[in-house]
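My entries follow in the order of looking.

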Amino acid sequence: MMRAVSSWEKNVASVTVENELACPAERAWALLTDFKNPHKAFAGVLTDARAEQGGRVVTFANGMEAREILVDLDEARRRVAYAVVGGRFSQHAAAMQILENGGGCRFLWTSDFLPDEAAPLVEGLMRQGATAFARVAEGQS
């Protein structure tokens, strides 16, 4: 089950996507922490990634590229925070987290950014990304 919540106020957008995963949290966390290979964890949405000084550049299936930097990797909370720098955003901060949930886990992804006009694009990509991540984590692809 996937749930998305969006809000836009005062030119700031925030999108949260949450997905239940039928896999152990350890497996999902291992995929999420492979910062150099996000195109494997988000296969089909991301087609490539390359290391660049201070971060990485990811390529989306539609050809769009984004430069990302790792802000924090918190092993204890299973949380990865990153920022998109340059490009169409004047500000972009995001965090992905894996939460225990019985025999499975939950994938929680929040993105806050400017300008708010990018919200439909960001929400669409996050929904696609969460679906792709679930497919890979659950061993379906």
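What percentage of the 141 residues in the protein chain do buried residues make up? I found that buried residues account for 44% of the 141 residues. Buried here means under 20% relative accessible area, exposed means over 50%, and partly exposed lies in between, with a 1.4 Å probe and protein chains only.

Ground rules. I am working with a predicted model, in which local features need pLDDT of at least 70 and side-chain atom pairs count only at pLDDT 80 or more, while totals for chains, interfaces and linings use all residues. I number residues from 1 along each chain as its sequence is written, and side-chain values use heavy atoms, with hydrogens and water left out.

Entry: overall build. I counted 3 helices and 8 strands in the protein chain. Along the sequence I read the pattern β-β-α-α-β-β-β-β-β-β-α. The radius of gyration of the protein chain is 14 Å, close to the 14 Å from the globule rule for 141 residues, so the chain is as compact as a globular protein of that length. That radius is taken over C-alpha atoms, and the rule is 2.2 Å times the number of residues to the power 0.38. Helices (H or I, at least four residues) and strands (E, at least two) are DSSP runs, numbered from the N terminus.

I took the box along the principal axes: the C-alpha atoms fill roughly 40 × 35 × 30 Å. Of the contacts between residues at least 6 apart in sequence, 48% join residues at least 24 apart. Contact means heavy atoms within 4.5 Å.

Entry: surface and charge. I noted an accessible surface of about 7,200 Å² for the protein chain, with 51% of it belonging to carbon and sulfur atoms. Accessible areas come from the Shrake-Rupley method with a 1.4 Å probe, and for residues only the protein chains shown count as cover. The mean positions of the 15 positive and 18 negative charges are 2 Å apart. Lys and Arg count as positive and Asp and Glu as negative, with His and the chain ends not counted. Each charge is placed at NZ of Lys, CZ of Arg, CG of Asp or CD of Glu.

Entry: helix α1. Which residues of helix α1 are buried? In this helix, residues 25–32, I listed A25, A28, W29 and L32 as buried. Seen down the axis of α1, these buried residues fall within an arc of 100°, so they line one face of the helix. The arc is that of the directions from the helix axis to the C-beta atoms. An α-helix has 3.6 residues a turn, so residues three or four places apart point the same way. I then looked for the cover over the buried residues of α1, which includes β2 (12–21), β5 (65–74), β6 (79–85), β7 (91–101), β8 (104–114) and α3 (119–137).

Entry: I placed Y82 in strand β6, where Y82 is buried at a relative accessible area of 6%. Leaving aside neighbours within four places in sequence, Y82 has contacts that include F35, E68, H92, M96 and W109. Y82 and E68 are 14 residues apart in sequence, with C-alpha atoms 6.6 Å apart.

I placed M126 in helix α3, and M126 is buried with a relative accessible area of 3%.

Entry: the loop between β8 and α3. I found a cis peptide bond joining L114 and P115, with omega about 0°. P115 sits in the loop between β8 and α3, and A118 is in the loop between β8 and α3 as well. Is A118 buried or exposed? A118 counts as buried, at 8% relative accessibility. Not counting residues up to four places away in sequence, A118 touches F89 and F113. The C-alpha atoms of A118 and F89 are separated by 8.2 Å, and the two residues are 29 apart along the chain.

Entry: R78 lies in the loop between β5 and β6. I noted a phi near 50° for R78, a positive value in a residue other than glycine. R78 is buried, with a relative accessible area of 18%. G87, in the loop between β6 and β7, counts as exposed at 78% relative accessibility.
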